[in-house]
Amino acid sequence: MQSRSTLARLQQATTLLQLSGALAWLAWWWSDSPLAALGGFVGMALVHSVVLGVEFVALRLVGGEADELRPTWPEAVRAWLGETLMATRVFSWRQPFRWRQVPDQLEVQALGAGRRGVVFIHGFICNRGFWTPWLQRLRAEGRCFVAVNLEPVFGSIDDYVPIIERAVAQVTDATGLPPILVCHSMGGLAARAWLRAHTSGSRVHHVITIASPHHGTWLARFGFRANSRQMRRDSDWRTAMERETGAADYEKFTCWYSNCDNIVFPASTATLPGARNLLVRGAAHVELAFHERVMSQSLELLAAS
């Protein structure tokens, strides 16, 4: 397991700063107006919910998707509430403070060799703590796995290829079998960049992507870091990757996508030609990764391999 996470330190600082500000407001206003004190505390603690709300409005208004995939307003509201809770767990707890809670598992002597392992690849502004519920399940099952930290956080997606290569080699050496890659969001593009650099398809058994912007995403136009620019719909980097690959290259892919993805939209941008594309209605971007159907069917694929 990687020993450091720059993102964890950054999110620790932002989380503690946000919480300190909210508590200071609560203490300052409590004697004058408990209602104002509580309102300000909740507002400061849940400011990310406002940002999420803007994303869902953009999804609903400019998603540019076919009617059958356009979310209804009730679907969007439910997804917004669910994502508010999920984002708090992931970005204010698991990633900053608990990213090492479940270490990588590569010791297979007591568990028995010959069982396929997994490499977990997170998305933009995330670290390995994102995958904690998945890692807990695999540890209980005695499966080999490695969950990477993709750094530099705002570097080119191509910078992540050596990190993925090292993880794939570790799991393959431990099990004697090519692993399954489980990827969220930008992690799906990082996996494809690794496959492009290491052209032997026999090095991986299957690739599962969850809410990955395979064809770019509308929101990336507002990002100006290297990896953000690569995820734009008109990105030269992404267009070159599409030009070099075809449907036959994606026969080993399962792509989960949602009509309520507030980050990757239009919804069809998270699919690939030739892949097994599976729709989950009503799940938001982070929430989709922990949807019971997504987790259970993905783990069933691992068990059957």
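Close-up 1. The model shown here is predicted. In total, 40 residues line the largest pocket, and the space inside comes to about 1,200 Å³. If you want to find the centre, look for Val51, Leu52, Glu55, Phe91 and Ile125, which lie nearest to it. The elements that each give two or more residues to the lining are α1 (6-30), α3 (47-62), α4 (73-97) and α10 (285-288).

**Close-up 2. A nonpolar patch sits on the surface.** Four residues form this patch: Trp25, Trp28, Trp29 and Met44. Together they have about 450 Å² of accessible area. Helix α1 gives the most to the patch, with three residues. Take Trp25 as an example: this residue is in helix α1. Its relative accessible area is 33%, so Trp25 counts as partly exposed.

**Close-up 3. Arg128 and Asp104 form a salt bridge between two loops.** Their side chains meet with an N to O distance of 2.7 Å. Arg128 is in the loop between β1 (118-121) and α5 (132-141), and Asp104 is in the loop between α4 and β1, so this pair ties together parts that are 24 residues apart in sequence. Arg128 is buried, with 0% relative accessibility. Asp104 also counts as buried because its value of 15% is under the 20% cut-off.

**Close-up 4. Glu292 and Arg137 link two helices.** In this salt bridge, the closest N and O atoms are 2.8 Å apart. Glu292 lies in helix α11 (residues 292-304) and Arg137 in helix α5, so the pair connects parts that are 155 residues apart in sequence. Glu292 is partly exposed, with a relative accessible area of 45%, and Arg137 is partly exposed too, at 30%.

**Close-up 5. Asp158, Arg196 and Glu244 make up a network.** Here salt bridges link the three residues. How many salt bridges does the model have by this rule? The count comes to eight.

Conventions:
Residues are numbered from 1 along each chain as its sequence is written. This is a predicted model: local features need pLDDT of at least 70, side-chain atom pairs count only at pLDDT 80 or more; totals for chains, interfaces and linings use all residues. Side-chain values use heavy atoms; hydrogens and water are left out. On a 1 Å grid over the protein atoms alone, a cavity is a set of points where a 1.4 Å probe fits but cannot get out, and a pocket is an open set with protein on both sides within 12 Å along at least five of seven lines; lining residues have an atom within 4 Å of a point. Grid points are joined across faces, edges and corners, and a volume is the space filled by probe spheres set on the points. Helices (H or I, at least four residues) and strands (E, at least two) are DSSP runs, numbered from the N terminus. Patches are made of residues with over 30% relative accessible area and no salt bridge: like charges are joined within 9 Å, nonpolar side chains (Val, Leu, Ile, Met, Phe, Trp, Tyr) within 5 Å. Accessible areas come from the Shrake-Rupley method with a 1.4 Å probe; for residues, only the protein chains shown count as cover. Buried means under 20% relative accessible area, exposed over 50%, partly exposed in between (1.4 Å probe, protein chains only).
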